[in-house]
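Subject: Structure handover

Hello,

Here is the structure I promised to pass on. My notes follow below it.

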Amino acid sequence: MKTSFFRWALALALAVPLATLAQKPPIYSWDNLPKIIQPSFKKDTLNIQKLGAKPDGVTLNTQVINKAIEVMSKKGGGVVLVPKGIWLTGPIELKSNVNLHIQKSAIVLFTNDKSQYALVEGSYEGKKAARNQSPISAVGVENIAITGKGIIDGNGDVWRAVNKSQLTEGQWKEKLASGGVVKADGKTWYPSEQFLKASVEGKSMLLTDGKKPSDFAEMKDFLRPNLVVLTQCKKVLLEGITFQNSPAWCLHPLMTENLTIRNVVVKNPEYAQNGDGMDIESCKNFLVEGCTLDVGDDAICIKSGKDEEGRKRGMPTENGIIRNNVVYNGHGGFVVGSEMSGGARNIFVYDCTFMGTDKGLRFKSVRGRGGIVENIYAKNIYMKDIAQEAIFFDMYYFVKFATDSPRDERPIVNEGTPIFRNMKFENIVCHGAKKGIFVRGLPEMPIQNITVENATLQTELGAELIDASAITCKNVTLLAEKTEPMILIDNSQKVTLDNIIVSKDAKKFFTITGNRTKEIKVLKTKLEQAQEKVEWKEGASASVLSIMP
């Protein structure tokens with residue numbers, strides 16, 4: 001008996017450390033990418049026409065489509081089939097174990113009758129807010145999908161305001177003829193007087209001080225919904241569909257786990273206010289592959305909540321793969337921020353093409369936001385005709401909204417200090433941009449440990465490093481039109497430049513400024529490529545520069 005007890009005790013003692021080790025999160029790398037679990041479905045299929053749906057673009061099919069989804073879910077799951085035709089509908093709610101399959105030549109068109117969209121508790125930039133119900137939504141469900149070759153159209157133009165300067169003369173005349181109201185200065189069109197009033201008065205949609213969604217009825221028209229919102233879901237697949245014309249953000253998975261977005265097209269007009277392509281917020285284990293985006297704001301964007309509310313949620317967006325995607329118009333091709341207060345980590349971006357975006361790889365935040373963004377890796381990124389920066393970090397991003405809470409913007413390190421660190425970008429080619437590399441951290445918290453390796457950047461301006469630390473550029477070719485200087489280093493430390501090639505007949509290689517600049521190391525690089533090697537300014541000392549063969 002005693003022997004048996006000791007064997008049991010020994011086994012338990014050995015088992016506890018093993019169990020503890022098993023709970024440690026994996027260390028991800030290019031050789032060990034995150035694993036994403038895919039949903040699966042029964043083959044049982046229910047055609048919405050069998051329940052009375054009509055593809056005439058006139059009949060409102062909301063109840064029929066939702067009934068079909070509910071019936072299939074209660075039966076244990078299967079496929080709800082939307083055949084070819086134009087299917088007018090109000091909000092659709094997805095249920096567990098159902099694949100909503102939209103065939104080629106089918107258009108799911110959401111009604112412009114805003115009374116069909118109830119006021120609900122939603123999210124706006126990471127904060128609880130009153131919103132109109134999303135055209136497609138799901139909360140707390142598992143094993144769901146939207147698949148097929150059809151089109152989902154959010155009818156966004158009836159929801160959005162637009163500036164005259166964003167439209168052609170013909171488009172502006174069409175907008176005026178459609179109804180709505182125009183601001184007194186004649187420069188902005190609004191869908192309604194209610195929208196104009198809420199916008200001009202800067203009204204907040206946040207659910208604070210015990211407010212309920214119904215308390216916002218007088219500004220309902222202003223509370224534009226995101227097209228697809230999937231909240232706290234597991235095992236989600238969006239595949240093959242064209243999602244277009246969203247009232248605000250297009251695809252918004254929120255606090256969702258095991259998410260796959262594959263071979264979808266996301267389209268919004270260039271003038272679409274907040275017309276983001278996909279905003280992946282506080283999600284874990286996700287894959288975005290083979291997608292094409294042409295949108296009015298950020299294209300593929302990583303978020304995790306805003307300011308104190310995001311930090312309290314404490315859910316980073318993590319363990320992601322983004323590959324084989326093409327982005328045309330958009331404020332950024334791949335973007336992190338600015339609402340990233342819960343953090344982001346372990347994200348791998350590769351084999352992507354950005355054509356005509358405002359920025360390529362875009363990272364943005366501001367004092368008071370907080371959050372740690374780390375372990376972001378990108379390779380084989382090809383960019384053409386980028387309007388601004390190819391690689392961009394800025395900790396001074398600021399757009400003031402009525403929904404903003406007070407932030408601690410003192411230049412001290414505290415919980416509101418954003419941290420961006422530990423990233424590597426390799427095999428980067430850019431043919432046309434305003435600037436190749438722009439990195440601007442905070443004096444109290446520099447951008448840290450960023451490597452750019454094997455890059456060729458044909459741009460107007462070369463590189464600027466401001467309040468940055470442990471930045472390495474290796475095998476980088478900067479072919480800039482304006483070469484005075486090729487590289488600006490301002491109050492930055494531990495910068496390594498290894499085998500840098502610059503424009504032929506460049507006027508100036510470096511401008512090095514700031515009395516906090518130190519430990520600048522140059523390897524295998526001929527500063528003689530430029531007519532002037534180094535310009536020293538604003539307290540920078542020549543002793544900080546080491547040049548090695």
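A definition before anything else: a charge sits over a ring if NZ of Lys or CZ of Arg is within 6 Å of the ring centre and within 35 degrees of the ring normal. Lysine 175 meets this with tryptophan 189: its charged end sits over the ring, 4.6 Å from the centre. Lysine 114 does the like with tryptophan 159, its charged end sitting over that ring at 5.0 Å from the centre. Please keep in mind that the model is predicted.

**Overall build**

The protein chain has 5 helices and 42 strands. Its radius of gyration is 26 Å, close to the 24 Å that the globule rule gives for 549 residues, so the chain is as compact as a globular protein of that length. The C-alpha trace spans about 90 × 80 × 45 Å along its principal axes. Buried residues account for 56% of the 549. Take the contacts between residues at least 6 apart in sequence: 73% of them join residues at least 24 apart.

**Aromatic pairs**

I found 12 aromatic pairs in the structure. In one of them, phenylalanine 195 and phenylalanine 222 have ring centres 5.2 Å apart and planes at 80°; planes over 60 degrees apart count as edge-to-face, so this pair is edge-to-face. The two residues are 27 apart in the chain. Phenylalanine 195 belongs to helix H4 (residues 193-200), while phenylalanine 222 is in the loop between H4 and strand E15 (228-231). Both are buried.

Phenylalanine 334 and phenylalanine 363 also form a pair. Their ring centres lie 6.1 Å apart and their planes are at 75°, so this pair is edge-to-face. Phenylalanine 334 is in strand E27 (residues 332-336) and phenylalanine 363 is in strand E29 (residues 359-364), so the pair ties together parts 29 residues apart in sequence. Why do both count as buried? The cut-off is under 20% relative accessible area. Phenylalanine 334 has 2% relative accessibility, so it counts as buried. Phenylalanine 363 has 0%, so it counts as buried.

There is a cluster as well: ring pairs link Trp30, Phe348, Tyr350 and Tyr377.

**Helix H4**

Phe195, Leu196 and Ala198 are buried in H4. Strand E13 (181-182) and strand E14 (188-190) are among the elements that cover the buried residues of H4. Just after the helix, glycine 202 takes a positive phi of about 65°.

**Nonpolar cores**

In soluble globular proteins, nonpolar side chains tend to be buried together. Here the largest nonpolar core has 115 residues. Which of its members touch the most others? They are Phe243, Phe334, Phe425 and Phe510. Strand E36 (residues 468-480) gives the most to this core, with 6 residues.

Phenylalanine 243 is worth a look on screen. Leaving aside neighbours within four places in sequence, its contacts include Ile146, Ile152, Leu227, Val228, Leu238 and Cys250. Leu251, Val264, Val265, Val266 and Lys267 are also in contact with phenylalanine 243.

Best wishes

Conventions:
Residues numbered from 1 in each chain as written. Predicted model: local features only at pLDDT ≥ 70, side-chain atom pairs only at ≥ 80, totals over all residues. Heavy atoms only, no water. Phe/Tyr/Trp six-rings, centres within 6.5 Å; stacked < 30°, edge-to-face > 60°. Helix = DSSP H or I, 4+ residues; strand = E, 2+ residues; numbered from the N terminus. Buried < 20%, exposed > 50% of the residue type's maximum accessible area, 1.4 Å probe, protein only. Contact = heavy atoms within 4.5 Å. Core = buried A, V, L, I, M, F, W, Y, C linked by side-chain atoms within 4.5 Å. Rg over C-alpha atoms; globule rule 2.2 N^0.38 Å.
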